[in-house]
Amino acid sequence: MEVQWNGVQALRLHPPHTATSLIFCLLLGVWSAQALEMSVGKIPFLEAVNGSTVMLPCIYSSCIGIKNLYFNWQFNDNGTMQRVCESVIASEEVVPDVSIYRDRVEFVGKNHEHNISILLWNITFEDQGQYTCFGRNPKEKGKNHSAIFTLYVVDELRVVDNTLTIMIASAVGGAIALLMGFMLLKNFTLFVLAKLEENNKECLVTSSGIDNTENGLSGSKADTKSTPKKK
């Protein structure tokens, strides 16, 4: 008995590695989309003079947005984390009401473009150390994220001696100029030698033609004498 399948198409099975790659990409995309990132910039440290005012930068980013994002700044005081300020950001458009726990601290980020930076006024040597910008997004089921910024307080900024750098740059520049001069001299010498060789070839050709003329060889202009007839 022959069985017929009407209106049903056989499923096409893809190779196992294709399905595995697809699952891996999906998992990777979901993970990266949910990750909250806290950043203090490409240079996570600052050297400032005692008595000056500095800004400690921090911004957050999330591909899935935020809702009631909790953040704070903490100062590492010889291993003891002291809270500098904290707040909850209801949404990306809301300016948070920040609670500040240390003197001479001002919240200047205002949540503008995800900015939650703070300002330290009239810093002292006691303000030197590591500051942690911490964030937790409830959309990520309570995962914690942070970034560390280090502040160095000095009496005066060090003057960087660029003498060695200038010497190295001058030496490199001189070497490059010498190499270029050598290449130009080499090319000019080769050009002169080629011209001399060309002139020598012309002289040889001319001299050969003169010799042929004087010797009465074929192609010369010398008169040929007829052989006398025998009587």
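This is a predicted model: local features need pLDDT of at least 70, side-chain atom pairs count only at pLDDT 80 or more; totals for chains, interfaces and linings use all residues.
Me: What pattern does the chain follow when read along the sequence?
Reply: Helices (H or I, at least four residues) and strands (E, at least two) are DSSP runs, numbered from the N terminus. The secondary structure comes to two helices and eleven strands. Read along the sequence, the chain follows the pattern α-β-β-β-β-β-β-β-β-β-β-β-α.

Me: What percentage of the residues of the chain count as buried?
Reply: Buried means under 20% relative accessible area, exposed over 50%, and partly exposed in between, with a 1.4 Å probe and protein chains only. The chain has 231 residues, and the part that counts as buried is 23%.

Me: Among contacts between residues at least 6 apart in sequence, what percentage join residues at least 24 apart?
Reply: Contact means heavy atoms within 4.5 Å. Among contacts in the chain between residues at least 6 apart in sequence, the part that joins residues at least 24 apart is 54%.

Me: Which cysteines form a disulfide?
Reply: A disulfide is a pair of cysteine sulfur atoms within 2.5 Å, and by this rule the count comes to one. The two sulfur atoms of the link are 2.0 Å apart, and the cysteines are Cys58 and Cys133.

Me: How many residues apart in sequence are the parts that the pair of Cys58 and Cys133 ties together?
Reply: With -80° about the S-S bond, the link of Cys58 and Cys133 is left-handed. Cys58 lies in the loop between strand E3 (54-56) and strand E4 (59-62), while Cys133 lies in strand E10, so the separation of the parts tied together, in residues, is 75.

Me: Is Cys133 buried or exposed?
Reply: The partner of Cys133 in the disulfide is Cys58, and Cys58 counts as buried at 1% relative accessibility. Cys133 has a relative accessible area of 0%, so Cys133 is buried.

Me: Are the rings of Phe75 and Tyr131 stacked, edge-to-face or tilted?
Reply: Rings of Phe, Tyr and Trp (its six-membered ring) pair if their centres lie within 6.5 Å; planes under 30 degrees apart count as stacked, over 60 as edge-to-face and the rest as tilted. By this rule the count comes to three aromatic pairs. In the pair of Phe75 and Tyr131, the ring centres are 4.7 Å apart and the planes stand at 35°, so the pair is tilted.

Me: In which strands do Phe75 and Tyr131 lie?
Reply: Phe75 counts as buried at 3% relative accessibility, and Tyr131 counts as buried at 1%. The pair ties together parts that are 56 residues apart in sequence, because Phe75 lies in strand E5 (residues 69-77) and Tyr131 in strand E10 (residues 129-136).

Me: With which residues is Thr132 in contact, leaving aside its neighbours within four places in sequence?
Reply: Thr132 has its place in strand E10 and is buried, with a relative accessible area of 12%. Leaving aside neighbours within four places in sequence, the residues in contact with Thr132 are Asn72, Trp73, Gln74, Met81, Ser146, Ala147 and Ile148.

Me: What phi does Arg104 have?
Reply: Most residues other than glycine have a negative phi. Arg104 is found in the loop between strand E7 (99-100) and strand E8 (105-107), and is partly exposed, with a relative accessible area of 34%. Although Arg104 is not a glycine, its phi is positive, at about 60°.

Me: How far apart in space are Arg158 and Glu47, C-alpha to C-alpha?
Reply: Arg158 is found in the loop between strand E11 (144-154) and H2, and is exposed, with a relative accessible area of 67%. Arg158 and Glu47 are 111 residues apart in sequence, and their C-alpha to C-alpha distance is 9.6 Å.

Note on methods
Residues are numbered from 1 along each chain as its sequence is written. Side-chain values use heavy atoms; hydrogens and water are left out.
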